[in-house]
Amino acid sequence: MSNMRVEKRTNVRNSIMRLFVVIVAVSFQIFWLLNLFGQLRFISPKIGQAINNLAILVALWIYGRDKNISINVPWMALILAFPMFGMGLYFLIGRTSLFNHVKEVYAHIDLFLYRYFHQDWSILEEMESVDIDSAKDAHLIWNCGHFPVYKDTAVTYYPEALEGFNAQIEDMKKAQHFIFIEYHAIEDGYSFGQMKEVLIERAAAGVEVRIFYDDMGSIGFLNKSFIKEMESYGIQCRVFNPIRPWILVFMNNRDHRKITVIDGQIGYTGGYNLAEEYFNRTHPYGYWKDTGIRLEGSAVRSMTLTFLEMWNATNPTHQAMANYLIAKPVPSKGFVQPYADSPLDDEYLGEDVYMSIVNHAKKYVYFVTPYLIITEEMTRVLTLAAKRGVDVRIITPGTPDKQLTYMFTQSFYRDLVRGGVRIFEYIPGFPHAKMCISDDTVATCGTINLDYRSLYLHFENGVYLSHVDCIAKMKKDFDHMFDLSKDVSEDYKGDINMIVRTWRAIVRLIAPLF
């Protein structure tokens, strides 16, 4: 037993060393290129002036892009203040056109998969008769993401990650056809070890098992030998976007999704990854608060297709789709709409769903998020809702996991609370859940944080719920979180001195670049 533990610690050290080597190699390449270009401006005054003029043109071009102004402005400021450094960095990592080839790959896969997404328009008509506002949200998700809304899907809410995890394992034990797992982070420790035993046993029984994980998210938890180990048990395993020791803009886009699909009939998602801290086996940041949901029925079809999108993007696999789209209806109350967001299209579905829910809120709208780094548009939507009398609340960490990100998060408090939004900090520790609930009728649960990386850079997923029974349990959990949190709104309403105000403005300006 002790030898196995030593081997695992060595594997993790090897992964950390691989990340360190990549960071050093990429940093050297960036600074070498920037230094090379930077020397040009000192050759003659004319070249320096030409560079300044070019910086102005590039800044104007960025301003005219069909992108969110909150993302464009930081790049413009950086380029105008430090022309060579700003332009060099922007052309290295800021241009989305740098991964056009990746876009083409996903577009080709989606073109194939979209034929299996079908919207039953009678369901939308029934939804409109029940709640016109939530029907409008459903139309938004269909029109922008091509994800249909379903009935006949039972939903179970887990206020603690460990409850959801244990339920997953029990459902996996009963799998007869296939198990699909997609997670941002997997740690080959005690918790995942319990799941791995079941996966190995099911694979030996002839069940098709696939594991898909993000390289950056798991780099401190897994070694590359993990794939070979899984394959030795007959488990298919792939890694998303491996970290490379050279400049590659797509490395900035990670797979942040959390999806489990069992026999095409049962699906799980939520905020938690498959690592020890998520189940409070370790406590690096106090008590870790995370949540999840279980779907059973027709809506799991969309989760299956979402998994297959990422799986095929790494290595296209010819497969008979009829073998996987086998969800059977489970008579249940309400409407369920799984959806996913991608940084490769021109839609910001994750943010749009949140803003649409806020716009339709009449009594209250609550969020819980580990990070709060939002656009001016999102800030305005939240404050306008508060000004029209909606009780708008956001729960953020009392114990942050990243001090820099926490500083960014706090820099957004003042504008929000002065607009009527209430901010609560979760005292027991770190709330990693990503949820929204409004008026006891609609809610979301998934992987989408209220931050730039989730809303604009990462592959994400969530589930929109309307008039589903478990929303009452979600509301009760929110109330419990508020009881354990401190309302810090008044601390940020007052006037602040010029130095603090300037510092917060700088922090908010550069936040999107991180």
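The model is a predicted one. The buried residues of H11, which spans residues 225–232, are Phe226, Ile227 and Met230. Viewed down the axis of H11, these buried residues fall within an arc of 100°, so they line one face of the helix. What do the buried residues of H11 pack against? They pack against H9, strand S3 (208–214) and strand S4 (236–240). Just after H11, Gly234 takes a positive phi of about 85°.

**Overall composition**

The protein holds 19 helices and 17 strands. Of its 514 residues, 56% are buried. Among contacts with a separation of 6 or more, 81% come from residues 24 or more positions apart.

**The seven-stranded sheet**

Strands S3 and S4, against which H11 packs, belong to an open sheet of seven strands with the order S1-S8-S6-S5-S2-S3-S4. The pairing in this sheet is mixed. Its edge strands are S1 (153–158) and S4, and each of them pairs on one side only. On average, neighbouring strands of this sheet are turned by 10° against each other, direction ignored.

**Helices H8 and H9**

Helix H8 covers residues 161–173 and helix H9 covers residues 190–204. Their axes come within 9 Å and cross at roughly 10°. Angles under 35 degrees count as roughly parallel, and H8 and H9 are therefore roughly parallel to each other. On the H8 side, the contact is made by Phe165, Gln168, Ile169, Met172 and Lys173. On the H9 side, the contributing residues are Ser191, Phe192, Gln194, Met195, Val198, Leu199 and Arg202. By class, the residues of this contact divide into seven nonpolar, three polar and two charged.

Asp171 is also found in H8. Is Asp171 buried or exposed? Its relative accessible area is 9%, and a residue counts as buried under 20%, so Asp171 is buried. Leaving aside residues up to four places away in sequence, Asp171 touches Ile262, Ile266, Tyr268 and Arg294.

**The eight-stranded sheet**

A further open sheet has eight strands in the order S9-S16-S15-S14-S10-S11-S12-S17, with mixed pairing. Which strands stand at its edges? They are strand S9 (335–341) and strand S17 (485–487). Each has a single partner strand, so one side of each is left without a neighbour in the sheet. Neighbouring strands here are turned by 20° against each other on average, with direction ignored.

Helix H14 (residues 376–387) packs on this sheet and touches strand S10 (364–368) and S11. The direction of H14 makes about 130° with that of S11. Strand S11 (residues 391–397) in turn runs parallel to strand S12 (residues 422–426), and five bridges join the two. Thr396 stands opposite Glu425 in S12.

**Two aspartates with positive phi**

Asp263 has a positive phi of about 55° although it is not a glycine. Asp439 likewise has a positive phi of about 55° and is not a glycine. Asp439 lies in the loop between strands S14 and S15, two strands of the eight-stranded sheet. The table sets out their values.

| Residue | Phi | Loop between | Relative accessible area |
|---|---|---|---|
| Asp439 | about 55° | S14 (435–438) and S15 (442–446) | 17% |

Conventions
Residues are numbered from 1 along each chain as its sequence is written. This is a predicted model: local features need pLDDT of at least 70, side-chain atom pairs count only at pLDDT 80 or more; totals for chains, interfaces and linings use all residues. Side-chain values use heavy atoms; hydrogens and water are left out. Axes are lines fitted to C-alpha atoms, for helices over the stretch in contact, and angles run from 0 to 180 degrees between N-to-C directions. Helices (H or I, at least four residues) and strands (E, at least two) are DSSP runs, numbered from the N terminus. Angles under 35 degrees count as roughly parallel, over 145 as roughly antiparallel, 65 to 115 as roughly perpendicular and the rest as oblique. Contact means heavy atoms within 4.5 Å. Ala, Val, Leu, Ile, Met, Phe, Trp, Tyr, Cys and Pro count as nonpolar, Asp, Glu, Lys and Arg as charged, and the others, Gly among them, as polar. Buried means under 20% relative accessible area, exposed over 50%, partly exposed in between (1.4 Å probe, protein chains only). The arc is that of the directions from the helix axis to the C-beta atoms. Two strands pair if DSSP finds at least two bridges between them.
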